Amino acid sequence: MKYTEEFNDPELARRLLDEIRATATRPWALMEVCGGQTHSIIRHGIDQLLPEQVELIHGPGCPVCVTPLEVIDKALEIASRPEVIFCSFGDMLRVPGSDRDLFRVKGEGGDVRVVYSPLDAVELARRNPDREVVFFAIGFETTAPANAMAVHQARRLGLANFSLLVSHVRVPPAIEAIMTAPACRVQGFLAAGHVCSVMGTAEYPRLAERFGVPLVVTGFEPLDILEGIRLAVRQLERGEHRVENAYARAVRADGNPAAVRMIEEVFEVTDRSWRGIGRIPASGWRLTDAFRTYDAEHRFDVTGIRTEEPAECRSGEVLQGLIKPTGCSAFGTTCTPRTPLGATMVSSEGACAAYYLYRRMNAPTPRADQAPREEMNPVA
């Protein structure tokens, strides 16, 4: 038995689907927070196999997608400088800025390199003492420990030519922003298992209690997702709202204490802008004063760059779960992976990319009208 085969068993999937069908007696709308979960759902057709009472809404859990346009433009400005080696994970290179992307900068002579770890960038700085090495540090809580470790390592080695362009975001404030939005229909969440594997679940009970929604920590394989849906629907039908861990093989209540300590040493909580969504209080991290010298935004004086999102791109509505990708008129026409208008079309975790890759090109058949969440959820 392979590591993931036991979580792809068709017979067990059928049993879980039967249980969900037997449990769901009313329309329920669940949001999967993570873009990796979105891709698994679309790839395996899970949303199409569910009973019509259960709708999945795609959330803002794609770190590339929520990186704001102004941060992309700051990256492009820094990467264009001749003294800089700009390092990034590969999925950032095609994300469009105001007028170009990192691939274009590389084609124009900029030294842009794909790395597989921020520690690779630290090693580049060690080997190139006459160059400035910048790592594009984006992501949710999952990638924060490695980025914190990179800064910690650079200081230990005495590297004055290494810095991070930071655009870290945090999941719990995003859930709060979603639930307080006037048009919100979300009645339960499939929480991102990899985020909780780092941070634990301590921040979630207050959200479940405040908004009267179940929060089920969920993995990424088909059976993980179906089990998360089953538990969330069961809570909703019973009028419950609590945190459940359906990903116990990877997630403990206290997460990874060593990783959390590393994050808290290097980063501090700050307000952060999310692409297409806007500014969410206390939803991100920045370097603390003790590590501020490693902040590329200040080192290269790009703090003043401000931009506006293109009006024709509706990725912000996709990220908030207000529309599916097929609800945007540009999807698959003027916006494709070769000519993207927004990051949701090019990121490996973007909802638009999932719909395009797995040929979900047509708008889904509308389901029965759903009343606003306040009218439907008996515990709201």
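The model is predicted, so local features are described only where pLDDT is at least 70 and side-chain atom pairs only at pLDDT 80 or more, while totals for chains, interfaces and linings use all residues. Residues are numbered from 1 along each chain as its sequence is written, and side-chain values use heavy atoms, with hydrogens and water left out.

A search of the whole structure turns up one disulfide, the term standing for a pair of cysteine sulfur atoms within 2.5 Å. The partners are Cys62 and Cys65, whose sulfur atoms are 2.3 Å apart. The torsion about their S-S bond is about 70 degrees, so the disulfide is right-handed. Both Cys62 and Cys65 are buried; here buried means under 20% relative accessible area, exposed over 50%, and partly exposed in between (1.4 Å probe, protein chains only). Cys313 is also buried, at 19% relative accessibility. The closest cysteine sulfur to that of Cys313 belongs to Cys335 and is 6.0 Å away, too far for a bond. Cys328 is in no disulfide either, as its nearest cysteine sulfur, in Cys313, is 6.4 Å away. Cys328 is buried too, with a relative accessible area of 12%.

Next come the nonpolar cores. In soluble globular proteins, nonpolar side chains tend to be buried together. A nonpolar core is defined as a set of buried Ala, Val, Leu, Ile, Met, Phe, Trp, Tyr and Cys residues joined through side-chain atoms within 4.5 Å. The largest core has 59 residues, of which Ile78, Phe86, Phe136, Leu165, Ile175 and Phe189 touch the most other members. Helix H5 (residues 69-79) provides the largest share of this core, six residues. Helices (H or I, at least four residues) and strands (E, at least two) are DSSP runs, numbered from the N terminus. Beyond its neighbours within four places in sequence, Ile78 is in contact with Val84, Phe86, Val134, Leu165, Ala296, Phe300 and Val302, where contact means heavy atoms within 4.5 Å. Apart from this core lies another, of 36 residues, including Ala13, Ile41, Ile46 and Ile225.

Among the helices, H2 (residues 35-44) is mostly covered, with seven of its 10 residues buried. Ile41 and Ile42 are among those buried residues of H2. After H2 comes Gly45, with a positive phi near 70 degrees.

In helix H13 (residues 257-266), the buried residues are Ala259, Val260, Met262, Ile263 and Val266. Seen down the axis of H13, they fall within an arc of 160 degrees, so they line one face of the helix; the arc is that of the directions from the helix axis to the C-beta atoms. Arg261 and Glu264, on the other side of H13, are exposed. The buried residues of H13 pack against helices H8 (144-157) and H10 (193-199) and strands E10 (267-274) and E11 (278-287).

Strand E11 also holds Ala282, which has a positive phi of about 55 degrees although it is not a glycine. Ala282 counts as partly exposed, at 30% relative accessibility. Arg359, another residue other than glycine, has a positive phi near 60 degrees. Arg359 sits in the loop between helix H16 (351-357) and helix H17 (373-376), and is exposed, with a relative accessible area of 55%.
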